[in-house]
Amino acid sequence: MADTMTRKQTEGELAQPESTRGGRVFVPNVDILEKDDEMLVLADVPDAKAQSIDITYEQGILSFHAKVEPRQAEGRTNFLLREYAVGDYHRSFRLGKEIDPAGIKAEIRDGVLALHLPKAEPARKKQIKVQQV
Amino acid sequence: MVRFGLTPLDPFTVLRGAVNRLFDGYPYALDEPLFRSAPSFPALNVWEDEENLYVEAEIPGVKAADLETYAIGRDLTIKGKREPMDGEKFTYHRQERGVGEFTRVVTLPMDVETDKIQASLKDGVLTLTLPKAKAAKARKITVNVG
């Protein structure tokens, strides 16, 4: 667990362009799962709230940006140990034709953002029954 | 093993011992580097004010019921687990989010009232409030002008 969950801590990886306001932007860790009828993207975005997450779909690119405000006053907090920084999260995905963008849904629970990307009808797995003759 | 005779120490070992002794009384854990080669999970931010010590960790997706925190003396333990996905059939295309159990023990820089520690878990952020023990609080000493 330690090696994958601490990317924010070890690499402090920053997202590419962005940042019209100050502060850091992190690339959150994600899982991408395929189910029969949808792709599911899970992203670790601790402290992000539903109303501060912006999700857009444009020209085949699905992006989300979660704004996270600092939780402690910078400069006035007496830190004894600082192993991670607090900042926004941003990540983009290129969606294939098999996703139906109109049906994308998102929810957040316990700091984990879930993006449900329903498969377009032709991409859904169909069970074909074998007829016994 | 019984040790006998004297092994000549190299000067660096002697120096390291001396430096360690020098910092023995220092309240903050200097031998705990901020960044290690194998980082512990969860990462912690620790800060203080006059009354309390605060310990914060980002543990998205961990349920309060799967989390255990306690302090014995100055050793604070944060223990928990993140359950892997189960249920419906699925295949991973990418898996960056870790799952499983974690334990982290840190030595606090001062005595706290271990039975009055408060923990809150909100939006994947764990915040512990540890009231400082009386002896650890800074006291204002009034200087009498006489």
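Guide: Start with pLDDT, the predictor's confidence in each residue, which runs from 0 to 100. This is a predicted model, and chain A averages a pLDDT of 85.

Visitor: What share of the residues in chain A score at least 70?

Guide: That share is 83%.

Visitor: And where does pLDDT stay under 50 in chain A?

Guide: Residues 1-6 of chain A are one such stretch, and the model has 22 contacts for them beyond four places in sequence. Residues 9-15 of chain A are another, with 17 contacts of that kind.

Visitor: How should I treat low stretches?

Guide: Where pLDDT is low, the predicted coordinates should not be read in detail.

Visitor: OK, on to the interface. How many residues of chain B are in contact with chain A?

Guide: On the chain B side there are 43, in contact with 44 residues of chain A. The area buried between the two chains is about 4000 Å², and carbon and sulfur atoms give 55% of that.

Visitor: Which three residues supply more than any other three of the area that chain B buries there?

Guide: Glu58(B), Glu96(B) and Arg97(B), which supply 17% of the area that chain B buries against chain A.

Visitor: What does Asp123(B) form a salt bridge with?

Guide: With Lys49(A); the closest N and O atoms are 3.6 Å apart.

Visitor: Which elements give two or more residues to the side of chain B that touches chain A?

Guide: Strand 1 (44-48), strand 2 (52-58), strand 5 (91-95) and strand 6 (100-107) of chain B. The residues of that side divide into 20 nonpolar, nine polar and 14 charged.

Visitor: Back to strand 2 of chain A. In what sense do that strand and strand 5 of chain B pair?

Guide: Antiparallel, over four bridges; strand 2 of chain A covers residues 30-34. Asp31(A) turns up again here, with Gln95(B) as its bridge partner in strand 5 of chain B.

Conventions. Residues numbered from 1 in each chain as written. Chains lettered and ligands numbered in written order. Predicted model: local features only at pLDDT ≥ 70, side-chain atom pairs only at ≥ 80, totals over all residues. Heavy atoms only, no water. Contact = heavy atoms within 4.5 Å. Buried area = accessible area lost by both parts, 1.4 Å probe. Salt bridge = Lys/Arg side-chain N within 4 Å of Asp/Glu carboxyl O. Nonpolar A, V, L, I, M, F, W, Y, C, P; charged D, E, K, R; others polar. Pairing = 2+ DSSP bridges.
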